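Me: Got a model open here and I'd like to walk through it with you. Can we take it piece by piece?

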Amino acid sequence: MRRIVVKVGSAVLTQDGAIALERMQALVDFLAELKKNNEVILVSSGAVAGGYTELELDRSIIANKQALAAIGQPILMQKYAKKFHNYNIITAQVLVTAVNLNKADDIQRVKNTVDTLLENGVIPIVNENDATSTDELEVGDNDQLSAYIAKHTDSDILIILSDIDAYYDADPRQNPNAKVLKIVNYISEDELTKDVTPNNIFATGGIVTKLKAASYLLDNGIDMFLASGFNLLDVRSFMLENKHIGGTLFTKDKRC
């Protein structure tokens with residue numbers, strides 16, 4: 001049984017100013033199937049976007065963003081709980097801050113909580129505590145958060161489901177001949193220092209934040225798989241059928 005962290009981004013979970021319920025349902029269906037033979041931790045974006053569906057505040061103002069997160073987090077959790085309930089799966093909310101992930105004692109407490117939840121068949125749903133975090137004390141983005149969680153919970157692999165379906169040898173939005181890099185063993189410093197280019201107004205990163213997460217995990221001997229969160233065919237094939245059809249696997253294993 002492997003321990004798997006799955007991160008889903010705001011661009012996947014929201015559409016036209018509302019929670020994308022069909023995509024959320026597809027995610028829950030996949031996670032329920034994945035959980036049959038694995039331990040599953042979910043890192044879910046969407047709290048701020050979920051809050052915005054109820055109250056349209058200017059999220060460029062930090063106090064508004066924190067208020068939106070406070071509104072949206074219970075909305076998000078309620079929807080997850082209801083959908084997982086159909087599979088008789090209990091979910092739990094685990095909110096962390098950058099401080100928690102920079103202190104050994106706090107890291108151990110987070111791991112102990114997650115371990116206990118997983119031992120009892122519960123899916124922990126992790127998010128940064130945006131309602132109280134500040135610029136100085138925030139992880140920064142959920143790609144990085146999910147990488148930290150994967151490392152500190154001794155997970156085997158991180159799956160990032162995004163509006164970016166893979167890592168390409170060029171920007172596919174600008175180059176129609178860009179090709180998917182299916183397996184990546186190394187990420188250059190040039191790639192890690194490019195400008196962040198989020199595709200969604202509620203996203204905090206883009207391919208660069210995903211590459212930083214992958215690089216961090218490669219340094220720690222943990223695999224990462226990047227695939228589309230809009231169409232789960234690639235991740236389902238890779239994780240449930242052991243077939244690498246699409247998406248990118250970041251791994252130190254040179255045999256891949």
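Reply: Serine 237 is found in helix α9; helices here are DSSP runs of H or I with at least four residues, strands are runs of E with at least two, and both are numbered from the N terminus. Bear in mind that this is a predicted model, where local features need pLDDT of at least 70, side-chain atom pairs count only at pLDDT 80 or more, and totals for chains, interfaces and linings use all residues. Residues are numbered from 1 along each chain as its sequence is written, and side-chain values use heavy atoms, with hydrogens and water left out.

Me: OK, is serine 237 buried or exposed?

Reply: Serine 237 counts as buried because its relative accessibility is 3%. The cut-offs are under 20% relative accessible area for buried, over 50% for exposed and partly exposed in between, with a 1.4 Å probe and protein chains only.

Me: What is serine 237 in contact with, leaving aside neighbours within four places in sequence?

Reply: Asn242, Lys243 and Ile245 are in contact with serine 237 once those neighbours are set aside. Contact means heavy atoms within 4.5 Å.

Me: And at what angle do α2 and α9 pack?

Reply: About 5°, with the axes of α2 (residues 21–34) and α9 (residues 233–240) 11 Å apart. That is why α2 is roughly parallel to α9. Angles under 35 degrees count as roughly parallel, over 145 as roughly antiparallel, 65 to 115 as roughly perpendicular and the rest as oblique. The axes are lines fitted to C-alpha atoms, for helices over the stretch in contact, and angles run from 0 to 180 degrees between N-to-C directions.

Me: Which residues of α2 and α9 meet?

Reply: From α2 you get Asp29, Phe30, Glu33 and Leu34, and they meet Val235, Arg236, Met239 and Leu240 of α9. By class, this contact of α2 with α9 has five nonpolar, no polar and three charged residues. For the classes, Ala, Val, Leu, Ile, Met, Phe, Trp, Tyr, Cys and Pro count as nonpolar, Asp, Glu, Lys and Arg as charged, and the others, Gly among them, as polar.

Me: What about leucine 31, where is that found?

Reply: Leucine 31 is in helix α2. With a relative accessibility of 0%, leucine 31 counts as buried. Apart from neighbours within four places in sequence, leucine 31 is in contact with Val6, Val40, Leu42 and Phe84. Its C-alpha atom is separated by 16 Å from that of serine 45, 14 residues apart along the chain.

Me: What lines the second largest cavity?

Reply: Val8, Val12, Arg23, Leu27, Leu161, Gly229 and Leu232. Five of these lining residues are nonpolar, one is polar and one is charged. The second largest cavity holds about 30 Å³ of space, where a volume is the space filled by probe spheres set on the grid points, which are joined across faces, edges and corners.

Me: And the second largest pocket, what volume has it?

Reply: About 230 Å³. Its lining has 13 residues, with Arg2, Phe238, Met239, Asn242 and Leu249 nearest the centre of the pocket. Helix α9 gives the largest share of that lining, three residues. The lining divides into seven nonpolar, two polar and four charged residues.

Me: Why is α6 largely enclosed?

Reply: Because nine of the 11 residues of α6 (residues 142–152) are buried, the rest of the structure largely encloses this helix. Among the buried residues are Leu145, Ala147, Ile149 and His152.

Me: What follows α6?

Reply: Aspartate 154, with a positive phi near 55°. Most residues other than glycine have a negative phi. Aspartate 154 sits in the loop between α6 and β7 (157–162), and at 53% relative accessibility it counts as exposed.

Me: What about the phi of asparagine 88?

Reply: Positive, about 60°, although asparagine 88 is not a glycine. Asparagine 88 has its place in the loop between α4 (62–85) and β5 (91–96), and counts as exposed at 70% relative accessibility.

Definitions and conventions:
On a 1 Å grid over the protein atoms alone, a cavity is a set of points where a 1.4 Å probe fits but cannot get out, and a pocket is an open set with protein on both sides within 12 Å along at least five of seven lines; lining residues have an atom within 4 Å of a point.
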